Each structure stands twice: as structure tokens, then as C-alpha cells.
Amino acid sequence: MNGLFRQFHDLFVSLKLTVTLLVLSIILIFWATLAQIDLGIWGVHQKFFHSFFVLENFPGTEIPVPVFPGGYFIGGLLLLNLICAHLSRFRLGWKKAGIWLTHTGLILLLIGELLSGLWQEDYDLTLDNGETKNYSENERDNEVAIVDATDPQFDDVVAIPEQLIANRETVQHPKLPFRVVPRLYYPNAALQMRRDAPDAPPSPATQGMGAQIVATPIPLTSKEDERNLPAAFIELIAPEGSLGTWLVSPELPMPQHFSYGGREWKIVMRFERRYLPFSLTLVKFSHDIYPGTDIPKNFSSRVRISAPGTPGREVLIYMNNPMRAGGLTFYQKSFVPTAEVGSERTTILQVVRNPSWLMPYIACSLMALGLVLQFGLHLAAFARRRRAGSAFSPRESPAKS
């Protein structure tokens, strides 16, 4: 047992393991950079860095096969290697205080990256000048919203995640007097009017506008300037029987209306929403360009943040100057271009929730402090040795008169 423990100990404190993992990291980053052309930034993050192994589909196989260690695997081993090597080789003491601080900062940096990958959520908030919203939207995920719109002053919404629709799971929510049964789901689909495709098969939809629309599945896309637009056929079943089947898709942004049980309802597939604890109003969006050119100089958003029971305040959000409120960070991401450069009125803010956002700052501060301290200790020791050597060096005696 001691021999096996010694082998594991020697492996995890080995400098060879460190070098091997660093080489694997370089290969992974190079491969991911090439794959970004086809997968995009989000796809690369999920496939290469936020995974334990890189999976590939080979011809004739349906199950993805691991072909290379992923970011979580390499980063986890680097973290374990660093901790084991540090505990094995260094002892507590003032002479090693700088090394302890530097290594602690590096450990926190690796842990912070892991937590960011697990916890961080990104949404987009699109606002026109003068528009007010209290929610942001996910540009990658969708949801089916069934809305009780009987009260003109209030919408009671039941949001069903896209994953449940994709898995064709029946949903019976306490707020709904009927069951939601997904019948068909396309991860990415193209919609066209039935009059433009007379040879298309009959639509599974029996209610709403779906009967006049043809939904055709198309390959998934990972390009940066494109997004997947799913489509689903959903049947609503009440205790007395079926209420019909609806076609829903983000390409059909307008909700479809129906009545049941003396109440008015709406059904729509939309981008997944995250509601904010306050409202944001775009006071003014500014897109500045260099005079006489179309080259962007700066773009910024002046917004008013308002929460119930509190006075509102205005904040200017621009590049590298985000707004933090309610545990969220709002970055100036982009804008909707217009034909006349500089006349844009629609801003796009990136809304980020990352509970571990402070860890990289703490980690870098500890590393910088550790390096300065260790360098200062070595410099002080060198100066003391030099002074001590000068004190014992032979000197010429003054001449006697």
C-alpha cells in the first residue's frame, strides 16, 4: 500500500506531469482555435473547454467517442498537481511567504475559472430609445410560454424550458387546466407558407396559424452570425379531450390566442427570459464616429434603473465601463445598425450573472503581492550579504606621518 501511495505521490508532484499538461493545453487551445471557424465561440467553449473530454463522431458510429482530454480534465489535474507539489516541497516560513501567496493566487485563479464555467449565465437585453424592460433574453435557449391573458393588467405566465419540449415530456402545471404534450420537435427548422409549398405533407397543427405553415427541419448551425430556430408541434389536452395542436417557433414571434374554461390564453415559443429585480429604460443610445469617416469611435447607453419603492437613477454604460446592480453586470455589447451610420437607436446590452466574478481580481492581486514580496525578500537578503562581505574585506591603513 505504501508503494502504491508513493507512486501516486511521485506522479502528482512531478514536474513532468506539469510540462505534459501544459503541452496538452497548448494543443487543446490550438485545436479549439481552428474549430472556431465551424463551431463558433460558444460551441468551442462547450466542446473543448467546458468538458472533461473532447468528443467526436466517427463514420459508422452514433455515440460520440472521447479523443482528447478537455479543459476540465487538464485544468483539474493542473490544480491537483500544483497543490500536491506545493505542499510537498515548501514549508511554512517568512522566507517562502511570497511563493505561498503566488501559488495561492494561482490556485484561486484555476478555481475561479471552474466556478465561472459552472455558474456564469449570459443574457442579452435589447432596448430602443425610450423603451423599458424588466427582463433579458438568452440568445441560445428558448422556452414555450403559455399565458393566462384574461386580466388586461396582468399576464400569468407558465414558461416551459426547451429541453422538456425536446424530450417530449408531458407537462401538467398547477396553473394550467390542461396538459401540454409535445408531439414533434425540430432543433432547427425553416418555415414557409403552405401556398409556396403545395406538395408538402399535411401539417400536424390543427389550431392557430400552423395549419397554413410548413415546418422543414434543417441542419444545426454554429456560425457566429446565425442561430438555431427550433419548431415544435404542441397539443393541449383538457380533461374532456384535445383542444388542438399548435405550431410554435421563435420565427413566429406573435402569440397565438385561444379560449378555454372562460379564460383567454396565449401560446408562443420565445427566447428564454430572465426577469430582473428592477426595470431599465434606455434614455439615449449614442454611436460616435470619427468625423468624415464611418469608423466607430465609441458607443454607449444612458439608462435609467428603477426598482419598486426606490428613486430611479441614471447610469452611463460604455465599453469597458459596465454597470453592476442586483448581482448582475451590464456590458455594452453591440447595437442594431441602420442605413445611416451614427443614427442608431437600439442598443444591445450583455447581462452577466457570475457569483465568482471577484475571484480573478483576488487571485491576480495575491499573485502580484507574492511576486513583489518574494523579490523583495531576495533583494533584502542579497543586500545584507553584500554589506556583510564589505565589512570583512581588507582595507588599506592610513599612512602615519
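## Strands, a hairpin and a helix pair

In β9, F233 is the bridge partner of L184. The model here is predicted: local features need pLDDT of at least 70 and side-chain atom pairs count only at pLDDT 80 or more, while totals for chains, interfaces and linings use all residues. Residues are numbered from 1 along each chain as its sequence is written, and side-chain values use heavy atoms, with hydrogens and water left out.

**Overall layout**

- The chain holds 6 helices and 17 strands; these are DSSP runs numbered from the N terminus, with helices being H or I of at least four residues and strands E of at least two.
- With a radius of gyration of 30 Å, well over the 21 Å that the globule rule gives for 401 residues, the chain is more spread out than a compact globule. (The radius is taken over C-alpha atoms, and the rule is 2.2 Å times the number of residues to the power 0.38.)
- The C-alpha trace of the chain spans about 120 × 60 × 45 Å along its principal axes.

**The open sheet**

- An open sheet is formed by 3 strands in the order β6-β9-β10, with antiparallel pairing; two strands pair if DSSP finds at least two bridges between them.
- β6 (179-186) and β10 (241-248) stand at the edges with a single partner strand each, so one side of each is left without a neighbour in the sheet.
- From one strand to the next, the twist averages 20°.
- β6 is joined to β9 (residues 231-238) by 7 bridges, and the two run antiparallel.

**The hairpin**

- Strands β13 (residues 296-306) and β14 (residues 313-318) run antiparallel and are joined by 6 bridges.
- I305 stands opposite R313 in β14.
- The hairpin of β13 and β14 has 6 residues between the strands, and G309 in the turn has a positive phi of about 80°.

**The helix pair**

- The axes of α2 (residues 15-49) and α3 (residues 71-89) come within 9 Å and cross at roughly 155°. (Axes are lines fitted to C-alpha atoms, for helices over the stretch in contact, and angles run from 0 to 180 degrees between N-to-C directions.)
- α2 and α3 are therefore roughly antiparallel to each other, a label given to angles over 145 degrees.
- Contact (heavy atoms within 4.5 Å) involves residues including L21, L28 and F48 of α2 and I74, L77 and R89 of α3.
- The residues of this contact divide into 12 nonpolar, 4 polar and 1 charged. (Ala, Val, Leu, Ile, Met, Phe, Trp, Tyr, Cys and Pro count as nonpolar, Asp, Glu, Lys and Arg as charged, and the others, Gly among them, as polar.)

Definitions and conventions:
Parallel < 35°, antiparallel > 145°, perpendicular 65-115°, else oblique.
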